[in-house]
Amino acid sequence: MRKMFVMMLTLLLALGIASATAQKITLTCAMMAGDIPEQTQAFLDQFSKENPNIQIDFTNVAQDLEVYLQPKAASGEMPDFISVNGGSFGADLVDRGILIDLKDTFAAKNTVDAVKPQFTSPKGKLFGIAGGVSTSLIYYQVQAFKDLGLVPPENWEDFLVLCEKIKKAGKTAIIITPGDGTMSNTLWSHGFANNVASKYPDYAKRFREGTMQLDSPEFADVYAKGKLLFDKGYTQPGAVSTTYMDGNQMYIQGKSVQQFAGSWLAGMLLKTDFETGVYMPPWNAKGKTKIPIVATETGWGVSEGPHKKQAIMLLDWINGKGFHYYQNARGNIPHLKDPMGPVVLDERIKKYLDKLYSYKQTAGLWFEYIPAETMTLTFQLYQEVLTNQKTPREAAAAFDKAAREAVKK
Amino acid sequence: MPGAVFSQARRRQIACLLFTIPALAVVGLFFLFPMLRALVLSFTSWDGIARTWQWVGLKNFKAVVTDSTFRQISFNTVYLAIIYVPVLNVIALLLAVAVYNAGKAGNLYKAMLFFPNLLSMTVIAMIWSIIYRYDGILNQFLKAVGLKALMQDWLGQIRTVLPAMSVTIIWFAVGYYLLIYLAGLNTVPVEIYESAEVEGVSPWQKLTRITIPLIAPAITINAVLSTIGIITLFDLPFVLTRGGPGFKSQTIAMHVYAYAYQQLRTRYALALAVILGVFAVLITTVLLAFLRRREEAAQ
């Protein structure tokens, strides 16, 4: 009788386990994939195919990631798997226990160390895995350079000479996009890198602690450089209201000889009807070494919750054997030690990267180190400077005040 | 009925109350509760995510009012209201009178003028951003008619951004307000106009002495609705200008969003939303009292 009871119990247990293993899990997944929505759905389907018990409910967050995530975090309804940017927002979520520490995952171990600090909270928790390495650079029309006898300049002074020559030839020298926040990736970040980060390599720590001195002539020059390009008429007509998408279209249509944009646009800007080259933005003064940008792309994080184990499986897959599905769709710069599959990267970008990695000092992109509270201020102040509402020095003082207040909070 | 617990009238009252409960519950749950919750939270240190907070009194309100942008965003909102409410209502009224007298073509005009209301404000903003950009339709038109000197960055200059935005909002809204005026005009007895014709009253006198006094209730409705609409304006500037250049076209409603989701200062967003709500109620009350008095005087 007792034996029979034990056997029945074992049978019931086995059935229970079998049904549990067969149970399908639906992972909620909010990813920023406005540029590759179908491809993202396709590689998530591939993951589900390889892991039949895990179905994915995918939401494409077209833009404003933090706007999407904040109410979810507040209401305790975070998706299991999310896109996340490096910087203070994600750090705050992991320190509150809303995101999990990814330090011990395979994805973290397969990621190059250079892109981890931006995704590490002040308490030392790794809240995200970068989606790639990024930089911003100047794209230019090769034929126009040849026609005008120009070569990529090596410093700011030479850059101004080059712009003047292009202007004299009756063409727009460079496109800037102050109409939205995207010029923070270009003029602002390169200005900050060469003027401020060059002097304070521990700038990220200083920002965190509220000790970054920005009410200075060096920081004011970040704004002054953009103002100079605008005032001299090197930028496109109607520059102040030009947005990111407008600017890209203008370059593709050949309306400007140069476009200052991110490496993530290489897929679009290198496929123009005319030949396009790239060079490192010369925001350095004559005789000084350039400080180029090496930064992270929007990455991925996992929320605390009942499905975190399956979400980590997806994270490890995207940063492992499934990586090529994602990378091939976007054509971006890999962040993995071992991409575990074929990587698609334009030769011009590869060459650029070889040069980029030879620099001893680099700096990140703006959103990785400035307080979240000041993010919109970067371009709003730029607009105020361009329209003479503020001098560059006043803009620097206003940013300094806002950054300090944010830390005080 | 002998022995009845409630009288007929009382039973009717209870029935009415029971029938309104579902609607009241919806309004209470989805409107009143969040509103009161936001009001309470605006006096706390809530950061938008945490489950706990502390009472901070008026600190958030003080921070919002002393913020360097507060004066600018208040100015923008009041500027838009001052331009928009009278200009919109005058244009809508004149167009309504014209359409009213247009005979069979009136329906076509109504459809044309109301058409923008069928589109979302985001679509409207996208269309007008194409019109206003430097290589856009407006500048191309100016160039074509020999007015190249007038070509400019309409949305990128501090002196043109708010007027440009006002034109867009009026273009969008005029059809809606026109319909309300038309409804008002249809209530005016035709005999009055016929008598006026016989008496040799001029069109201007007909408008000011007959039409306007008799459609005063429609004017009140339109003035109040357009004031509330403009004070709480968010989507159009958000898409069209993002509040720029700088903060020159940022409205209070946009700044609530900026505090909450761009600067992640939820407590300030709540405080500013409360200020905006109180401001809207005050303005509407004053306007309503003034217009009601005018209505009574007209009658």
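**Entry 1: where the chains meet.** I began with the interface and found 23 residues of chain A in contact with 20 residues of chain B. I counted two residues as in contact if their C-beta atoms, placed from the backbone, lie within 7 Å. On the side of chain A that touches chain B, α3 (65-74) and α16 each supply at least two residues. Helix α16(A) gives the most to that side, with six residues. The residues of this side of chain A divide into nine nonpolar, eight polar and six charged. For these classes, Ala, Val, Leu, Ile, Met, Phe, Trp, Tyr, Cys and Pro count as nonpolar, Asp, Glu, Lys and Arg as charged, and the others, Gly among them, as polar.

**Entry 2: ground rules.** I noted that this is a predicted model, in which local features need pLDDT of at least 70, side-chain atom pairs count only at pLDDT 80 or more, and totals for chains, interfaces and linings use all residues. Residues are numbered from 1 along each chain as its sequence is written, while chains are lettered from A and ligands numbered from 1 in the order in which they are written. Helices (H or I, at least four residues) and strands (E, at least two) are DSSP runs, numbered from the N terminus.

**Entry 3: confidence.** I checked pLDDT, the predictor's confidence in each residue, from 0 to 100. Chain A averages 91, and 94% of the residues score at least 70. Within chain A, confidence is lowest in helix α1 (residues 2-22), at a mean of 60, and highest in helix α7 (residues 156-168), at 98. A reminder to myself: where pLDDT is low, the predicted coordinates should not be read in detail.

**Entry 4: back to α16.** How many of the 12 residues of helix α16 (residues 375-386) of chain A are buried? I found 11, so the helix is largely enclosed by the rest of the structure. Buried here means that 20 or more other C-beta atoms lie within 10 Å of the residue's own, with C-beta atoms placed from the backbone. Among the buried residues of α16(A) are A:Met375, A:Phe379, A:Tyr382 and A:Glu384. The cover over the buried residues of α16(A) includes α8 (187-197), α10 (217-231) and α17 (392-408) of chain A, together with α12 (252-262) of chain B. Just after α16(A), I spotted A:Asn388 with a positive phi of about 60 degrees.

Entry 5: One open sheet of chain A has four strands in the order β2-β1-β3-β10, with mixed pairing. I took two strands as paired if DSSP finds at least two bridges between them. In chain A, β2 (54-60) and β10 (299-302) stand at the edges with a single partner strand each, so one side of each is left without a neighbour in the sheet. Strand β3 (residues 81-84) of chain A runs antiparallel to β10(A), joined by four bridges, and A:Ser83 has A:Trp300 as its bridge partner in β10(A). Both faces of β10(A) are covered, with A:Gly299 and A:Gly301 buried on one side and A:Trp300 and A:Val302 buried on the other.

I then found another open sheet in chain A, of four strands in the order β6-β7-β5-β8, again mixed. Its edge strands are β6 (174-175) and β8 (276-279) of chain A. Four bridges join β5 (residues 136-141) of chain A to β8(A), and the two run antiparallel. The bridge partner of A:Tyr139 in β8(A) is A:Val278.
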